[in-house]
Amino acid sequence: RRLRVAVLWPDLRENSCAYFLEPLLLHLDPEALEIYLYHDHFREDAVSVRLRRLAAVWRNFVGQPGPAVEAAIRADAPDLLIDLAGHTGMTNRLPLFARRLAPVQISYLGYPDTTGLAAMDCRFTDALADPPGEADRFAVERLVRFAPTAWAYAPPPDAPEPGEAAGAGDAVTFGCFSNPAKITDATLRLWADVLAAVPSGRLLLKGGGFGDAAVRARYVARFERAGLPADRVDWLERTAGTAAHLALYRRVDVALDTPRYHGTTTTCEALWMGVPVVTLAGGCHKARVGASLLTAAGHPEWIAREPAEFVRIAAALAADRPRRKALRASLRDELRRCPLLDHSGQARRFGAALRACWEIHCAAAAAAA
């Protein structure tokens with residue numbers, strides 16, 4: 001029968017994760033799945049409007065106490081309830097999931113780890129972000145590896161063309177536009193090794209607070225302790241719009257991922273703008289997302305397994321100007337043909353995984369009866 005699938009998330013609006021949710025919802029089979037969307041934020045924008053059109057029912061629970069939200073969801077009686085927030089933010093509703101609001105409850109997309117909730121039945125992922133066997137013992141949920149990669153990326157419609165890189169001659173700019181909270185001291189030491197291997201290289205960082213002199217001063221002190229020369233670092237504050245943000249990748253020759261907590265949207269954005277990304281695969285989901293994305297994009301050669309390999313890959317890309325120029329012109333078309341942008345195929349796989357989770361629940365219920 002047609003399944004009622006509900007998504008509860010405070011960010012059904014302009015948000016990085018929305019780039020990965022919208023293409024799935026847009027291509028799900030409406031004859032098989034009825035979508036309920038539960039927003040939980042005071043802001044509703046153009047993205048909210050588009051998502052609302054894809055739902056049979058839209059509700060905004062902003063400011064409502066837990067019992068009221070629980071009553072509304074129980075009245076809707078979803079078969080499957082999906083959480084995209086995990087433990088992030090101040091407005092996540094995990095306590096309600098602990099009260100079992102649907103027969104099948106799933107964690108996906110917005111939180112890179114187990115929720116720790118016995119009532120969370122499944123977590124959707126892939127075999128690269130969460131290798132079978134190795135990752136399962138660290139999750140209370142059943143890990144559902146539903147696709148070659150767990151993400152379906154929808155590039156912003158106003159994204160500018162990649163254009164030509166701004167650098168000239170031997171000058172090379174490494175860049176990282178990830179959340180500054182992901183920049184650990186170990187990351188700074190790794191980046192210092194990259195700059196040591198590429199004497200003509202500079203590092204371009206972009207993030208909230210970098211326009212403030214006091215914030216930069218704190219980072220400079222950390223750079224010095226890590227052996228990273230601050231006079232080879234340039235800073236960019238957050239930009240007002242997505243198009244302006246993406247245009248800044250014209251200043252970047254090679255993007256460097258943050259090893260302890262990989263970028264997701266930033267990695268896809270860099271690739272979409274024709275910029276190769278170097279990542280270091282770690283031992284858990286948040287440190288393996290880049291490996292999944294780059295494999296899906298057809299460039300596993302940019303995935304390092306150890307810090308020294310990360311430096312070698314970054315230095316080799318920096319030294320190969322013709323290769324970088326060719327990538328600037330070809331990466332976008334490569335992405336269009338890869339699983340990341342196979343929205344209809346990914347939606348079919350996602351829908352099939354939802355159906356399989358429901359069938360497992362029904363079989364267990366029948367066995368218990």
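What follows is a set of questions on labels, each answered by setting a value against its definition.

Modeller: First, this is a predicted model: local features need pLDDT of at least 70 and side-chain atom pairs count only at pLDDT 80 or more, while totals for chains, interfaces and linings use all residues. Residues are numbered from 1 along each chain as its sequence is written, and side-chain values use heavy atoms, with hydrogens and water left out.

Biologist: Why are R93 and D40 called a salt bridge?

Modeller: The term requires a side-chain nitrogen of Lys or Arg within 4 Å of a carboxyl oxygen of Asp or Glu. For R93 and D40 the closest N and O atoms are 2.7 Å apart, so the pair meets the definition.

Biologist: Where in the chain do R93 and D40 lie?

Modeller: R93 is in the loop between β4 (80-83) and α4 (94-97), and D40 is in the loop between β2 (33-39) and α2 (46-53). The two are 53 residues apart, and the pair links distant parts of the chain. Helices (H or I, at least four residues) and strands (E, at least two) are DSSP runs, numbered from the N terminus.

Biologist: What makes D40 count as buried or exposed?

Modeller: Buried means under 20% relative accessible area, exposed over 50%, and partly exposed in between, with a 1.4 Å probe and protein chains only. D40 has 4% relative accessibility, so D40 counts as buried. R93 has 15% and therefore counts as buried.

Biologist: What makes E70 and R99 a tie between parts of the chain?

Modeller: The side chains of E70 and R99 meet in a salt bridge at 2.8 Å, N to O. E70 lies in helix α3 (residues 66-76) and R99 in the loop between α4 and β5 (104-107), so the pair ties together parts that are 29 residues apart in sequence. E70 has 11% relative accessibility and therefore counts as buried.

Biologist: How many salt bridges does a search of the whole structure find?

Modeller: The search finds 21.

Biologist: Why are β8 and β9 called paired strands?

Modeller: Two strands pair if DSSP finds at least two bridges between them. Strand β8 (residues 172-176) is joined to β9 (residues 201-206) by 5 bridges, so the two pair. They run parallel, and the bridge partner of F174 in β9 is L203.
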